[in-house]
Every structure is written in structure tokens, then in C-alpha cells.
Amino acid sequence: MLVNDKPLLSIVTHSPATTIGVTLVTLHLLNAIFAPLLIPYGSTQLAGMPLIAPGHPDFLLGTDVIGRDFLSRLMMGGRTSITVAMIGVMGAVIIGTFFAVSAAHFGGYYDDVVMRIVDTKLSIPGILFVALFVVGFGRSVTVLTIVVGLSYFPGAVRTIRAQALTQVPLAYVKAARLRGESALSVIIRELTPNVIEVVVVEFAIRTSSAILIVSALSFLGLGISPPTADWGLMVSEGVNQIYEAPWLILLPAVFISTLVVGLNFASDGIANALGLDAARGLGGH
Amino acid sequence: MFRAMIRRTLLSVLILFLVAVFVFLATEVLPGDALDVYLSEDDVSVMTLEDIEEMRQELGLNVPAPERFFTWLSGAVVGDFGVTIVDKIPIGDIVFNPLLNSLQLGAIITLITLPVAFAIGATAGYYRGRRADAWVSTTTIIGYSIPDFVIGTVLIIIFAVWIPLFPAVITAYNDAHPLELIAVSLLPAITVIIGHVAHLSRLLRVGFIETMNSDFVERARLSGVPERNIVLRHVLPASVIPTLNAMALYMAGVLSGLIVVEKVFGYPGLGIELIEAVDTREVHVVQAIAFLGAVLVVVMNLLADFAIIALDPRVRSHVSER
Amino acid sequence: MALLDVRNLQVAYRNPSSDDQTMAVDGVSFAVERGETLGIVGESGCGKSTLARALMAYCRPGGEIVGGEVLFDGTDIFGLKDEQIRALRGSRMAMVPQDPLTSLTYHMKVGPQVDEILRIHQELDAKGARLHTLKLFAGTNLPEPEKIYHRYPHENSGGQRQRVVIAGALACEPDLLILDEPTTALDTTTEMQVLKLVKELRDRMGTALIYITHDLTLTDYMCENVLVMLNGKVVERGQSSSVFSAPQTDYGKALVAAIPRVDAKIATPAQPNKAKDGAPLLKVEHLSFRYPSRWSVSALFNPVEEPLAVDDVSFELPRGETLGLVGESGSGKSTIANIIVGLSAPTSGAITFDGAALGATDRHRSPELKRRIQIIFQDPLSSLNPRRRIESILTRPQEIFFGVTGKAARDRAVELLEDMELSADLLKRFPRQLSGGQQQRVAIARAFAASPDLILCDEITSALDVSVQAHVLRLLRGIQIKTGAACLFISHDLGVVKQVAGETVVLRKGRAVEAGHTSGVFDNPSHDYTRLLLAAALRQENYADLVEQASRTEIVGNEP
């Protein structure tokens, strides 16, 4: 399979970091998909005595403070935040692409209005924006997904519009207009395929950033709510046992970190292999 | 030049107005008014309609939304964000000290982050493709991939639990003396700095590389200009200018990043106040903090715009022609 | 001993995706004597710019000198330490790069950038360097050196910027000056002024010159000796007059033959499709265009009108014929094309197409009218959607204009490709996988897929190499004769226009200064400006006098 005239495999093996990244992401995704079939206990089930140490024959990684199997909770702990992040960012990027490309194409007042809305959102820093919604609409996975989408929408519009603006003055767009293509056709048929690489990179980078945000929110008590198994939540639940059972914090910390490190290694490497500068899009979350 | 600055300033005021509209819409109009947000289902089940209506009167929520908005906005402009629903404490009093504490921590972080990120970004960019650059690229990705709360908690486990150098939780109060807070700021600051340095140095590295590849650097080299002069006189200004906006946005985002570390370490800042306000559903406190955060972002962005206008002669003559 | 002795020089570029290398300069040897002027000619990608930099022991990122040696005044410069090379660069050997705008540091004033070079090599203090720089500026005919000194690069005109760069390169009176396409970014008239300056300075200082260019007529004008490069190798060398008049190799012959020459003794191209009835296909009357001024508060109180980009231009184009529109950049010729095709609306004037008035923009024109008027753009790559295969690019107009899809459209696409002497294999390719000439031929095929009556060619050859230009023009002419379309041919290149156009209009700053039969206009110009353009194209020695004379009569205004 070819991407941008390059074999997919050569992109994946572009650098050792990329290979590590793709491997980590694959392992995490496999785990997230198949965990429900593999876990020994339910992730919210009170399965044994509280705070059993790791190495127990029935509970490989022990149990948490109320006696839930820690291995099962670890394996299940990424599903919710990965799903929320992916759906939210995908929505943001798809809708954002349309607004970005159309704003670049039409220019004028429409562009101004879109960009002022973007500026407004970008002025309210990440977690403060989420806090506004959580206090207003309550805490649920649906609200969280929508908030993630809204959070990443303006950034996506800005980055993709910048790319679209490099295309709009080109002669092929004039040629399309002159043969009578409708505005919608120019936007979808002519311009969008030429920003698609940026869209893909945007999706990859923002997804990892969204996973960070969602787990931070869960840690703060603004995101996913108990008793759901979630790594961010598990770290904050473990803080009270920091002296006697630090692994309750360290293991979920390792899981979330390897996932995000993997995602960023992979997206950075792929962007490099495709000749796009990932670092440009990283202007803060 | 001044015309351009006035233009940018007016635009910033417009953005802040839009932010205010948005903050108000998201908390007091779309989900229902402040009381609807404040009352839980349990509260509603034990109260009569008359009780609720009485509270609404008391809180001044019976006037139409646009009127309430302008009352709120005219107060917010002079720092009066109203009172809390439960205790009727002025919100300005609640947020003032935590705001100062957070700004202090944010300033410490910024002062350390900028020079370090500069040094790393320029070095990696100058030695592009060599081992130093590859090493920086890899470590910076790891640096910004690990969540703040993980870094913070791990630092506590290492430096408070395993090697008891620091207390696990900061016990200072809101109104603690600034010097006392500086003393306990070390671990929280390091936690945030790791991620910020990673991000900013990558941004600067890209700007640096783009500039190093430009024609004017080649001309300077072919004129025998020493590398030191090329980097300091030609490349550094040119590579910093295009990253100023992103840098300002990023530094202004410190406030949002602080929320997590304040919670991790118990640092008495705006973050702790915000979490508490969300938990107790004190709508007006959340509004105030979000609005203050936005003011900081807009002001930083405006300063970056001014800096660009002052530093880039092309922008200067371009905008003053309009 | 020669000043510069290059022996079997090899420069390679690393391929980013694999470990192998591409040779950009492949075993080049030559020598330059003191005071000699050597031209190095070749088409884009032949390695001439890489060679120029390697002579100063410099490579662009990814490049590497892999073999050979360069002896400068007897010293092998590849054996020198970094500081020693740095001491040579800018003082004993200097370079003038192609684009003066990007080659000057944008955030520094231009004067201090020349000071910098003087202070490094001549141990002058700040004041001494400044005085010397001002002297250099005066020596390169910059008006008001004091004022220019304090300007930023973007505040100067292209010609002024290139003079500043030349002043910097000559600051330390080098023994060798390398000029890498120094006038490509400039207008013809400015180009001639810069060339004259370089010649004067060379004669005054006795500097040896290496002049890199794609333009053979330029080396003939500037250089005693010339090297012709192809794929990193020297394929022909000798005295420039003899290479120009009697090239020895096939490539040299092809290159010389392909040059569109104004003085070529060719008859005005026959206009085979000339219709018997007199009504013209396109009639432009008193056309004017002004760019709309930006809205601002200050503009309300102090309205300043933009100057007219097109000022009262009239011409007629009969069916099946070709009309040339000649002028330098800023003469308004592309604006006229944009108006006719409907991308911008005229400020005043009337355009009649086939007897009926044309709608102001494409939004006011019927699909049928859009079909009948087609345009081909300057840059072939950007005029083709990079994400569409050639098949899609050639079938889409048929679907839109004729509702033809599927196999019929595909067959027609193949037929169009054949007209352009392109293989049907290209249908599955993307534009980026084609050469520049192939891309432009696809663009022509796309325009003719609409079976137009009028085709606008906006500088369609200026992005192409000389050897490709001639081929593209021949194919265009072939399909034009076959279909009977009329053609409005816009170009800054008088030689090209002479090849294709029956009638020619000369534009200057938005005004038509001369019009008539191409042969008449070119052999017997009645207007001073036309004479000037011709002299520039012919590299005439009396050109400078013409410029002087012209600036007195305000034909060539002073640069901004």
C-alpha cells in the first residue's frame, strides 16, 4: 500500500522511535479491544480482600483499596478515555475541515466570523473551558465527548485553514471555478484532498493530546466518574495509599504514559516520513 | 505602527467580549440559569416550587438573560464577579489571593522555561540531524507525552515517600507569604517545566531550522560571516519572530496547566479554587476564573503581536499601510 | 597559473529516503584566468548552481563534495581549515545569488549588512565601514545612498536590492565573483541596467567573473568563454561566440536552435484559419481596470485611488488567429487575461465575444460561454490538482461541458494526449510524476477538452526550459490549427511572441503603446518603449544609451 508514493512499511520503520511508537499503539489498541474477553474479573466487581499485594495466585497484580482486581482494572482503564478522545477529536477534525476549507475558499466576512469564533475559544485555556461545561451540564461521558470535540475544533480549523490558504490562490482552483464547478464542489472535490495530510496529522496529534486531557480531567474529578476503571481516576484514587501501595499509582501511570508516548512517537515519525512538520501543530493544548 | 497597535488592541477587546458572551451562555443560558445549575436533583425533590422561586428572586435571576449578562459584565470589568450562592461571599475576595499565588508560580515557571527551551531548541536546530538533535527530539516527545499529574505524583513518591526531602502535601494557606510559597514551589514548578520545555523547544527548533535554510544565511556564510554572528545577528531574531504568537499562547496556557499540579501538590492557587467551585457548583466562581484565564491569554497574545510589530519591519510597514 | 583551477569536481546529494546518492556535479574540470569572464549555461537541474557553490567550498544541506579539487590561486580550498575558507569568502571570492529579496536578512537594514562584510575582512571600525558602504552604494549607481543605507530590504525595488547585494559582494574587491542567475528575478529593462553595471565594475576592478545562467544569449553578451552543462557534466565548451553561432554537440545545437529569437528571419506565422467575414471573435474596447482599494477608516477621509492597472486598452482578435500581448511584469497583461476569462470584473470598457457583450465575471456567464473561452496558466504544476490523476483532470471538463463520461470521455482523453504527443500511460499518473513540459501539455489538453473558440495563454512558456518551450509551442500551434480556435498569447518574451502571433499589442504600465502586424512592430517599431524592449532582447550594446534617453523622456520611470 502506498501513502504519498511511499510504501506504508517504510513509513512505519522510518526511525526506531516510529517503530517503537507504532508497536506501543498497536499493543494498547489490541488490549483495549480484547480486554473484556481476557480479564479474570469484572473491572468494577468486588472480587477479594482490599489491598492484596501483587503476586497473589488469584490476583496477579493484587487488589485495590476496596478489593477490586487491579489487573482487570488496568486492562480496562484506557477504553473510556481512548473512545472519548477519538470520537471527540474525529468530530472536531471532520467538522473543522469543512469550516477551515470553506473559510479559506470564501474569505471575507464569513472567514472573519469563523476566525473570531476560533480566537474566542482559543482564549479560554483547556481545563477552564471544560470546567465551564462540566459545571453547566454535569458530568457524563456524552458531555465529555462533546467538550473534547469543542476543545479541539478551533485548533483544527486554524491549522487546516492555514494549509488550505496555501492552495486557494493556485491556478487549479481558478481552473475549477472557470469550468463552472459549484463552491461546494471546489471545497470538497478540489481543496479538501489537498489538505488531507494535515488533517490526518492533526487527528493523530490531537488524539494523543485529548487522551492526556481526558485523563487529567478524570484525575481532577471533572472527567470520567467512579466506579469506571480509568487510569487517571485510578492514580487519584491511589494517592491515599501512596505510602503502603505506590504501585496502585505507578502502574496506571505507566499505562497512560506508554500509550501517549507511543501515539506521539508514531504520529511524529509518520509526519516526518510524509514531509510534514508535526511540531508546528503542537502550539499548546 | 501605532495605528496597527490600536487595531490589535480593539480586536482583543472584541475577543474578550465574545469570551464573556460565551462564558455566560455556556453556564447560565444553555443549561438553565445559575440556580438550575446549582441545585441537584435531590435538592429539587425536597423543595417546593415556591422555595425555588424565592431563591431565584433573592439571587436576582428573575430578570431576562441579556439584562443579567450586562449586569454581570459591567461588574466583571471592574473585578466584581458577584457573590457565592451559599455563603454570599464576594467572589473577588475568594479568587484574589489564589490568583496571585498562581501567577507567582506561573511566573517562576515561565522565567525558567523560556531560556532553557531557547537553548535546547537552538542547539537542536543548529545541529539538525546529528546525534544531539535526535536525542532532543526523542526526549522532548517523551517529555510532553507524560501527563503532568503522573510526573507530579511520581516526584512525590520519589522525593517525599522514598527519600523524604519534601512534604507530600503543601500545607500553606491562601494568604501565605510569597516567600513561603516560593520555598514549596520547587516540585510543582519542575513538574510543569518538563512538559513546557519539551513543547517550546520543539517549536523553536523548527523555526530555527527553517531560518538556517534560508537564502540570507547562505549569503552571509558565502560572505565569510562567522557562524557566531550568523546565529546571533541573523538567525535568532528571524527564528523567534514567527514563534512569538504560539509561545504567548503557550505561556498563557500555564494557568490551565497549573490546575493539575496545584491539585497534585495542594498548592493554594486558582486551580484548587476552581475544582472546589465545580464540586459545589458555584457557577459564578467558575465563570470568574474562566474569564480571568481568558484575560491572561488575550493580554499575552496582544503583547506578542506588539513584539512582532516592533521586531519585524515587513509586518510594520504592511500593517501601517492599511 | 590560473586563478581558479577546477579538477574533476564531484558533488553528490543524499537521497532522503534511501542511503544512495545522486550526483549533481559529476566530474567537472575547467580553469578561469585572472580577469576572464566564464559563462556556465544549462537548464534547470543541470547542477550549475551546485557547482557555483562548490567553487566556494560550500554545499546546501544534504549535499557533499565527494571528489576532485578546486585550486584557488594555487591553494586547494578543500584542504583549508574553516577559518581560512571563511577568510577567503567575501574577500577574495564572492557570490551574487539569484533572489536579492530572500538573500538579504529581512530584519536588518541593508547598509549594516554590507558593513558587516567590510568589518570582518578589512578591520574597519563602525564609522569607517559605513563610509565605505556609502561609497560602494554610490559606485553601484544607487540613488541617494544615505537613504538606501537605512532602508530594510523589502523597502527597496528589485533592482536596488540586487545592487546592494552586488555592492556587498564587491566590497573587498574580490579576485573572483560568481554570479548565480543574478537577473532572473528582475524585469528585462532592470536586468539590462544590472548587466551593464556588472560589466563596468568588472572592467574597473579587473575581477574574474563566473556567470551562471540558463540564458545562452546572456552568456553571448557577457562572457568570453562558456561551458554548457547537462546532468552534472560539461557537454560543450569554447568561446561563447562560437558556441552560440556554431555549436558542436547535439545538445548544444538543440539548445541554440530552441532559443526564441527576436532577430530570427521568420515570416509572420500564417493565420490559416482566417475567416472570410470581417466580424472579430473578440473585441475589447476602452478596457480599464483598477484594483479596489482596501476599506479603512482613514481611506474614507483621505481617499487615494489606486492607479489603473489597465488603462483604456482596445484590440480585436479575428476568428482562428493569434494575437500577441507583450509587456513586462506590471504591464497589465495578465490582468487583461483575468478580465476576459471572468476572474475579475473590468472597471470600465466593453468586451464583445462573438457579437454579444460578455458578462462582467464568470458568475454572469452561461456554461456554454465558459466552455468557449478557456485559459492556460503560467505554472503548469499549480494549474493541475495534485490529488487528481491525469485521467480525472482530462475527463472532468467533458463531464461538465458535454455530459460525456465513462469510456467515451476516456477515449477522448487519450486522443487529446496523442495530440500533445503524450502516451496514454500517463492517464493513471498524478501531475507531480510528470515533467514540467508534460504538465503544461496536459494543461493544454485540458483546455482543448472543452473544444473552445478562444484560448488564452498566460505566459505558458515562462516556467519551462528553453528546449521544452519550442516543443510546447509547436504542439499548441498544431492543435490550434486542427480545432480552429483563436488564441490570445500573453508573454514577456518577444522572441516567443514573434514565433506565434500574427498581430501584436505592446503594453506598458497598463497602456497599449503600440499595435499592429507582428513583423511591423518588431522590424519597424514606432514607439521608443518597443525599441527598448527589442534592444534588451537583442542585448544590444546601445541599450544603455536607449535607457538613458528613455528615462529622459520618462518612458522608463525611475524605480520606486
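Let me start with C:Arg53 and B:Glu218, whose side chains meet in a salt bridge with 2.6 Å from N to O, a salt bridge being a side-chain nitrogen of Lys or Arg within 4 Å of a carboxyl oxygen of Asp or Glu. Please keep in mind that this is a predicted model, in which local features need pLDDT of at least 70 and side-chain atom pairs count only at pLDDT 80 or more, while totals for chains, interfaces and linings use all residues. Residues are numbered from 1 along each chain as its sequence is written, chains are lettered from A and ligands numbered from 1 in the order in which they are written, and side-chain values use heavy atoms, with hydrogens and water left out.

Across the interface of chain B and chain C the rule finds 3 salt bridges. The contact takes 26 residues from chain B and 29 residues from chain C, where contact means heavy atoms within 4.5 Å. The size of an interface is often given as the accessible area lost when the parts come together. Chain B and chain C bury about 2600 Å² between them, with 56% of it on carbon and sulfur atoms; buried area here is the accessible area, taken with a 1.4 Å probe, that two parts lose on being put together, summed over both. On the chain B side, B:Glu218, B:Arg219 and B:Leu222 lose the most area to chain C, together 27% of what that side buries, and B:Glu218 is also the partner of C:Arg53 in the salt bridge I began with.

Now to chain B and chain A, which bury about 4600 Å² between them, 79% of it on carbon and sulfur atoms. This contact takes 56 residues from chain B and 48 residues from chain A. In chain B, the residues that lose the most area to chain A are B:Phe22, B:Ser145 and B:Phe149, together 12% of what that side buries. How many salt bridges does the rule find across the interface of chain B and chain A? It finds 1 salt bridge there, and A:Asp268 forms a salt bridge with B:Arg202, with the closest N and O atoms 2.6 Å apart.

Helices are DSSP runs of H or I with at least four residues, strands are runs of E with at least two, and both are numbered from the N terminus. The axes of helix H8 (residues 148-162) of chain B and helix H14 (residues 254-265) of chain B come within 9 Å and cross at roughly 30°, which makes H8(B) roughly parallel to H14(B). Axes are lines fitted to C-alpha atoms, for helices over the stretch in contact, and angles run from 0 to 180 degrees between N-to-C directions; under 35 degrees counts as roughly parallel, over 145 as roughly antiparallel, 65 to 115 as roughly perpendicular and the rest as oblique.

In chain A, the axes of helix H7 (residues 141-167) and H10(A) come within 10 Å and cross at roughly 150°, so H7(A) is roughly antiparallel to H10(A).

Finally, two backbone details. The peptide bond from A:Pro226 to A:Pro227 is cis, with omega near 5°, and A:Pro227 lies in the loop between helix H10 (196-220) and helix H11 (231-238) of chain A. C:Asp73 has a positive phi of about 55° although it is not a glycine, and this residue lies in the loop between strand S4 (63-72) and strand S5 (75-76) of chain C.
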